[in-house]
Amino acid sequence: MCLGIPAQLVEIVDRKAKVAKAEIGGVRRTVSCALLEGEAQVGEWVLVHVGFALDRIDEEQAAETLQLLSDMGEAYERELAKIRESAEGAA
Amino acid sequence: MRYIDEFRSGELASALQSELEQAMPSGRELALMEVCGGHTHAIYKHGIDELLPQGLELVHGPGCPVCVIPVGRVDDAVALALEPNVIFTTFGDMMRVPGSKGSLLDARSRGADVRMVYSPLDALELARANPEREVIFFAIGFETTAPSTAVTLLQARAQGIANFSVFCNHVTIGPPLKAIIDAPELRLDGLIAPGHVSAVTGSRVYDFIAAEYGRPVVVAGFEPLDILQSMLMLVRQLAAGRAEVENQYTRVVREQGNPRALEAIEQTMELRDSFEWRGLGSIPDSGLRLREELADWDAERRYEVPGVSVPDHKACQCGQVLRGIVKPWECKVFGKACTPESPIGTCMVSSEGACAAYYHYGRSRPKRGTVAT
């Protein structure tokens, strides 16, 4: 549950409300950027936990972490399934 | 990818393994606690437990948010879910945790409207979309998750969404570690501290473990090599007689944590005098509740909850597993009466629970390098 998943911000939905759309393992869902310092930018990589960007990470680390997470199999798949389900209603 | 290929090739892993072996102080037995359930899973998934040198033991810690919720709080959640006109929202992992009168899933089959959400924001959205209903969010988790609940609450207040409330069960990571180290039944030499919770709290929440208890702490990432490297850092500290907080996960964790996240918690929540933990009993200053200013969004103030402490199922040893004094395979019901399909205790329900990790990765007996306690 404390798993954070790297995701790339692909669209700023509402700059004032700090809402962005992130692409997470091929799924797009809205995430809150309220916990990030400064303004979120399209293209930035963040660590997403329960719908919030918890922190910024750099792209190279993000790619490595993603690969490792997908290799972890079940835990990652489960997290992704939750995001996918939630995206259907919320995106 | 680079790390995993190298790890798979066995070269780097065996290099680290031999470094670990060399670093081990001769004639000593060392017990290191991996605090986080995410680490427990990575350890068994990648077979790190089989790489441990003789005399080095890994002990599982309490860092599983679902596992530590006691039976009484599950009963409270079920009672809230059965209130008329309520949509009760929860992270999926909590659905199947048995209370003394069944789980939330059982409550749903009895007619309660229980829904899984991925994010507290999705629960708030449900409240917005269903103004005639009352939406309650079952908030669990350490400092990793508490900021998300906090921001959701601030949004609910700012937008005047009155049919939304939070059943707050957020907990803090420091006090249970203190309770575990204080307990006479377990000897711990060092701690592998959880990465993502530390991204919020910063590494300084562990300072007291080094300063007051003389135990080294290393904040670790979740990749296999992160974990091996953090064990090496701990063993080197122990061999040199040092006790410091070191940060192996510098790419995410900073000493001061995430100030915005900490501020969001501070704005909305305050410490309870004490909070009951599964297996650890009541621990002072270890749980969070909503501040008085947010009373209108506090499910515990808006509804009657039983609020009773209920003992664990007699056969269940989750409590001892969470304290690191019983290995999952030592529990009598492990893999027999208690399985992920039909769990008795939380450690088998949660994807981060130690019992689930042992079960999924086929560990039913001690592996080499482990020392039975």
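**Exercise 1. Which domains does the domain assignment of chain B give?**

Solution. Start with the ranges, bearing in mind that this is a predicted model. The assignment gives domain 1 as 71-173 + 256-302, while domain 2 covers 318-360. Next, look at the spacing: the C-alpha centres of the two domains of chain B lie 25 Å apart. Then go to the contact between them, to which domain 1 brings seven residues and domain 2 brings eleven. On the domain 1 side, those residues split into three nonpolar, one polar and three charged.

**Exercise 2. Work out the strand order of the open four-stranded sheet in chain B, and find its edges.**

Solution. Reading across the sheet, you get β4-β3-β5-β6, with parallel pairing. Now check the ends: β4 (113-116) and β6 (164-170) of chain B each pair on one side only, which makes them the edge strands. Ignoring direction, neighbouring strands are turned by 20 degrees against each other on average. For a close-up, take β3 (residues 86-90) of chain B, which pairs with β4(B) in the parallel sense over four bridges.

**Exercise 3. α7(B) meets both α12(B) and α6(B). Are these pairs oblique or roughly parallel?**

Solution. Begin with α12(B). Its axis and that of α7(B) come within 8 Å and cross at roughly 60 degrees. Angles under 35 degrees count as roughly parallel and 65 to 115 as roughly perpendicular, so α7(B) and α12(B) are oblique to each other. The crossing is left-handed. From α7(B), the contact residues include B:Ala150, B:Val151 and B:Leu154; from α12(B), B:Ala261, B:Ala264 and B:Ile265 are among them. By class, this contact has nine nonpolar residues, two polar and no charged.

Now α6(B). Its axis and that of α7(B) come within 9 Å, crossing at roughly 25 degrees, and α6(B) and α7(B) are therefore roughly parallel. Here the crossing is right-handed. B:Pro120, B:Leu121 and B:Leu124 of α6(B) meet a set of α7(B) residues that includes B:Ser148, B:Thr152 and B:Ala156.

**Exercise 4. How many residues does each chain bring to the contact between chains A and B?**

Solution. Chain B brings 41 residues and chain A brings 29. Several helices of chain B supply at least two residues each to its side, including α1 (2-9), α6 (120-129), α7 (146-158) and α12 (259-268). Sorting that side by class gives 21 nonpolar, eleven polar and nine charged residues.

**Exercise 5. Find the hairpin that β2 and β3 form in chain A, and inspect its turn.**

Solution. First locate the strands: β2 (residues 19-24) and β3 (residues 27-32) of chain A pair in the antiparallel sense over six bridges. One bridge to look up joins A:Ala20 to A:Val31 in β3(A). Two residues lie between the strands of this hairpin, and A:Gly25 in the turn has a positive phi of about 50 degrees.

Methods:
Residues are numbered from 1 along each chain as its sequence is written. Chains are lettered from A and ligands numbered from 1 in the order in which they are written. This is a predicted model: local features need pLDDT of at least 70, side-chain atom pairs count only at pLDDT 80 or more; totals for chains, interfaces and linings use all residues. Two strands pair if DSSP finds at least two bridges between them. Two residues are in contact if their C-beta atoms, placed from the backbone, lie within 7 Å. Ala, Val, Leu, Ile, Met, Phe, Trp, Tyr, Cys and Pro count as nonpolar, Asp, Glu, Lys and Arg as charged, and the others, Gly among them, as polar. Axes are lines fitted to C-alpha atoms, for helices over the stretch in contact, and angles run from 0 to 180 degrees between N-to-C directions. Angles under 35 degrees count as roughly parallel, over 145 as roughly antiparallel, 65 to 115 as roughly perpendicular and the rest as oblique. A crossing is left-handed if the near helix is turned anticlockwise from the far one by less than a right angle, and right-handed if clockwise. Domain bounds come from an automatic or database domain assignment.
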